[in-house]
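Here is a short briefing on one protein chain. Look over the sequence and the model first, then read on.

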Amino acid sequence: MLRQRILSAVIGIPIIIGFLFAGKIPFFALIVVLVLAALDEFYSMVRKEGKHPIVLLGMIGGILFCVVAMLKGESGLLLVVTPLLLLFLIAHFLGIGINSLSDMAETFFGSLYIGMLLSYLILIRGMNKHGTILVLILFIATWVYDIMAYAGGKAFGRIKLAPRLSPGKTWEGAIVGALSVILILAGIFFIQWFTLSQRILLGLVIGIVSPLGDLAESKLKREAGVKDTSSRIPGHGGVLDRFDSLLFTAPISYYLFKMIF
């Protein structure tokens with residue numbers, strides 16, 4: 001398992017960073033692919049609970065969030081929410097694929113949870129001349145937290161962080177992960193346009209928010225009775241398993257970056 005995790009990271013991380021620096025369109029395309037894969041996994045979990053989401057409609061909604069994030073920025077996200085909700089309601093009223101209010105809610109929630117939240121990566125990349133580096137910082141910080149929290153939990157873990165949701169996570173691992181992120185960001189030379197206090201604040205925020213994204217997804221998996229959302233990424237599970245922390249750190253970091261700049 002550990003060997004698979006390392007191999008997947010060695011292959012996957014350069015690909016993601018390559019798309020990030022390849023340009024606006026390639027990075028947009030990457031995020032769309034991730035959104036579609038994560039939505040497919042999410043709706044598969046929902047179906048295991050006996051619900052019947054309209055997968056195609058939910059994926060269209062996820063793509064729309066990415067499109068408006070690139071074309072219209074932050075304000076574009078609100079342009080999607082209302083018409084998308086109305087479209088879902090109409091489909092429910094007319095009985096087009098949505099047989100119950102809960103099916104409609106699950107379909108709509110998937111578009112918001114995955115499509116809208118991951119689209120914040122597109123917003124960060126396009127927010128200013130430093131956008132590409134800001135996304136890289138976010139990736140590094142989130143990945144460092146995941147790695148060090150895992151290692152810290154293995155080495156020092158005693159007190160369970162949320163035993164009912166994710167028995168393997170510990171407070172000791174979370175603290176090691178958070179401190180590692182703070183130390184990494186405090187010492188990274190290519191963000192010298194942040195003050196030291198701002199880098200520490202960013203590290204603290206990411207260190208706190210990262211496990212929340214992970215635990216939120218763990219709650220969804222526990223309700224669906226699955227261990228991993230899929231087996232797409234060897235050693236890691238599914239796309240949603242790998243990017244669950246970014247669903248939380250991306251929007252929070254975006255607004256923190258806006259405050260700083």
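How many helices and how many strands does the chain have? This predicted model has 10 helices and 2 strands.

**Fold and overall form**
- Read from the N terminus, the elements run α-α-α-α-α-α-α-β-β-α-α-α.
- The radius of gyration is 18 Å, close to the 18 Å that the globule rule gives for 261 residues, so the chain is as compact as a globular protein of that length.
- Along its principal axes, the C-alpha trace spans about 55 × 40 × 30 Å.

**Contacts along the chain**
- Take the contacts between residues at least 6 apart in sequence: 69% of them join residues at least 24 apart.

**The nonpolar core**
- Buried residues make up 51% of the 261 residues.
- The largest nonpolar core holds 76 residues.
- Ile31, Phe42, Ile114, Leu121 and Phe139 have the most contacts inside this core.
- Helix α2, residues 24-48, gives the core its largest share, 14 residues.

**A look at Phe42**
- Which residues does Phe42 touch, leaving out those up to four places away in sequence?
- Phe42 touches Glu106, Phe109, Gly110, Tyr113, Ile114, Leu220 and Leu240.
- One of these partners, Ile114, is also listed with Phe42 among the core residues with the most contacts.

**Surface and charge**
- The accessible surface of the chain comes to about 12,500 Å².
- Carbon and sulfur atoms account for 71% of that surface.
- The chain carries 22 positive and 14 negative charges.
- The mean positions of these two sets of charges lie 6 Å apart.

Conventions
Residues numbered from 1 in each chain as written. Predicted model: local features only at pLDDT ≥ 70, side-chain atom pairs only at ≥ 80, totals over all residues. Heavy atoms only, no water. Core = buried A, V, L, I, M, F, W, Y, C linked by side-chain atoms within 4.5 Å. Buried < 20%, exposed > 50% of the residue type's maximum accessible area, 1.4 Å probe, protein only. Helix = DSSP H or I, 4+ residues; strand = E, 2+ residues; numbered from the N terminus. Contact = heavy atoms within 4.5 Å. Rg over C-alpha atoms; globule rule 2.2 N^0.38 Å. Areas by Shrake-Rupley, 256 points an atom, 1.4 Å probe, with all protein chains shown as cover. Lys, Arg positive; Asp, Glu negative; His and termini not counted. Charge placed at Lys NZ, Arg CZ, Asp CG, Glu CD.
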